[in-house]
Amino acid sequence: MTHQKTWRWLFLVLLVVILFSPLVYWSTGIGQAATGLSAGVGRGPDGTLISSPKAEALHGLTLPMRIERLLIYPLLLICFQLGGGSLALRRWLDRKAQGRRQAHSVVPYREGPVGRLVPRSWRERLPGPDLLVIFLFVLAIEAVLALLFLPFNYYSGFILAHQFGLSVQTALGWAGDWVKNFLLALIINVPLWTGFYVLMRLMPRRWPILAGVLSLTLSAAMVVVTPVLITPLFYEVRPLDEPDLRDHVLTLADRAGMHVDEVYVVYASVKTTRVNAYFTGFGDARRIVLYDTLLTDYTPDQVEVVLAHEMGHWYYRHMLLGVLAVGVVGWIGLFGLKWLLDHTWRLLGLSGPADVAGLPYVLAVIAAVTTLMLPVYSGLSRYGERQADHFSLVVSQKPEVFIELFERFAVQNLSVVDVPAWEKLVFYTHPPIVERVDMAERFHEQ
Ligand SMILES: [Zn+2]
């Protein structure tokens, strides 16, 4: 048990780190000095782009924050698991549910019209109070994790964003968004993980098969539902109604031999000064979304180049391919997870592979594997972005506009134009701006 004590200590240290590291970032003074820095992108003697001092300063804070978050999340969970906290929480919930079990003497859904619909073998594998314990355990873990990261998120999403002039949101507005995000995460994740453990209990041997089908279906459904139900919770979303731009879109689509009937605008300027555009969905649910910041600040030619890039994603069906790839990898991962749980539950002191007290361990393993796979994911994503860039250049035939566009993006979004190779490999889902500009220059020369 001395080991347990070490893990507990480590857990406490990590708690302090996650709660107080924003203070450390703040005390560097980098954020406070940001207003005095220039956001202008320069050109070296050989013509290569040079990041602005302001973008460099922001990057100097966001990179360590990104790495911290990536490391601390699985570590915190593992320490909670190995320090015995997870088992203690499940036992405490069990005792509470035990009271209910005695009061009813039979599990709630064994009787009554609903109970008769549930097969007897399932009722025995998952008595009602156990279902309640699973639900409450998942709820507690998800809620506490979100709360632990609150100071961190407040620093990065509000304080830092204001120091660098990237946000125009009020504190109240930010808090409102945080609450919405918090509730959304609970509404999505709690049933998801409860369902996961229910499935493990009901189908101890074959759960990865059904869990794989369900997760693939759910992630596809999320892609379709997000722009329609979730984005409007945070922003006003309207179809693009400027006749000039609409004509532009239709001509472009025509030239590319595709059918794009609607482009959507997200009114983000009430919250952020950043520009953005993206493509999402598949089949008939495919859509191109532009931030209103792009429409107000950029020339029609520049918007056309952006639209052509997003059409590239549409044309190559990137969203569908992405969902399928993640789904297939995730499915294989579920079988790996089953193998791991079957072989390690005893070591962790769990009552079985399907003991919900193993959730922190499961979450930590998934986070660690996802992080290890970042280079593959980022590499594939960069490949898709290069395809879309090339598509944009071919369809719009405006390489010089493409170049000035990305220089403007670097200024407005405070992006560094280039990063070390390792950072690009792991974190960059888009090619660095120097590479994108380089592609356009080479296209121009042809
Ligand atoms: Zn793109």
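Biologist: What are the ground rules for numbering and confidence?
Modeller: Residues are numbered from 1 along each chain as its sequence is written. In this predicted model, local features need pLDDT of at least 70 and side-chain atom pairs count only at pLDDT 80 or more, while totals for chains, interfaces and linings use all residues.

Biologist: How many helices and strands does the protein chain have?
Modeller: Both are DSSP runs numbered from the N terminus: helices are H or I with at least four residues, strands are E with at least two. The C-alpha trace spans about 75 × 50 × 40 Å along its principal axes. The secondary structure comes to 18 helices and 6 strands.

Biologist: What percentage of the 446 residues counts as buried?
Modeller: Buried means 20 or more other C-beta atoms within 10 Å of the residue's own; 12 or fewer is exposed, in between is partly exposed, and C-beta atoms are placed from the backbone. For the protein chain the buried share is 30%.

Biologist: Which residue of S6 is the bridge partner of Phe-279?
Modeller: S5 (residues 277-280) and S6 (residues 287-291) pair in the antiparallel sense over 4 bridges. Their hairpin has 6 residues between the strands, and Gly-281 there takes a positive phi near 90 degrees. The partner of Phe-279 is Ile-288.

Biologist: And which residue of S6 is the bridge partner of Val-263?
Modeller: S4 (residues 263-267) is joined to S6 by 4 bridges, and these two run parallel. In S6, the partner of Val-263 is Ile-288.

Biologist: Why are H12 and H15 called oblique to each other?
Modeller: Under 35 degrees is roughly parallel, over 145 roughly antiparallel, 65 to 115 roughly perpendicular, and the rest oblique. Axes are lines fitted to C-alpha atoms, for helices over the stretch in contact, and angles run from 0 to 180 degrees between N-to-C directions. H12 (residues 300-315) and H15 (residues 374-396) pack with axes 7 Å apart, at an angle of about 125 degrees. H12 and H15 are therefore oblique.

Biologist: How many nonpolar, polar and charged residues make the contact of H12 with H15?
Modeller: Contact means C-beta atoms, placed from the backbone, within 7 Å. Among the residues in it are Glu-304 and Ala-308 of H12, and Asp-389 and Phe-391 of H15. Ala, Val, Leu, Ile, Met, Phe, Trp, Tyr, Cys and Pro count as nonpolar, Asp, Glu, Lys and Arg as charged, and the others, Gly among them, as polar. The contact has 7 nonpolar, 7 polar and 2 charged residues.

Biologist: Which residues does Lys-271 contact, leaving aside neighbours within four places in sequence?
Modeller: Lys-271 lies in the loop between S4 and S5. Its C-alpha atom is separated by 4.7 Å from that of Gln-169, 102 residues apart along the chain. The contacts are Ser-167, Val-168, Gln-169 and Gly-173.

Biologist: Is Leu-414 buried or exposed?
Modeller: Leu-414 sits in the loop between H16 (399-412) and H17 (421-427). Its phi is positive, about 55 degrees, although it is not a glycine. With 24 other C-beta atoms within 10 Å, Leu-414 is buried.

How values were computed:
Two strands pair if DSSP finds at least two bridges between them. Two residues are in contact if their C-beta atoms, placed from the backbone, lie within 7 Å.
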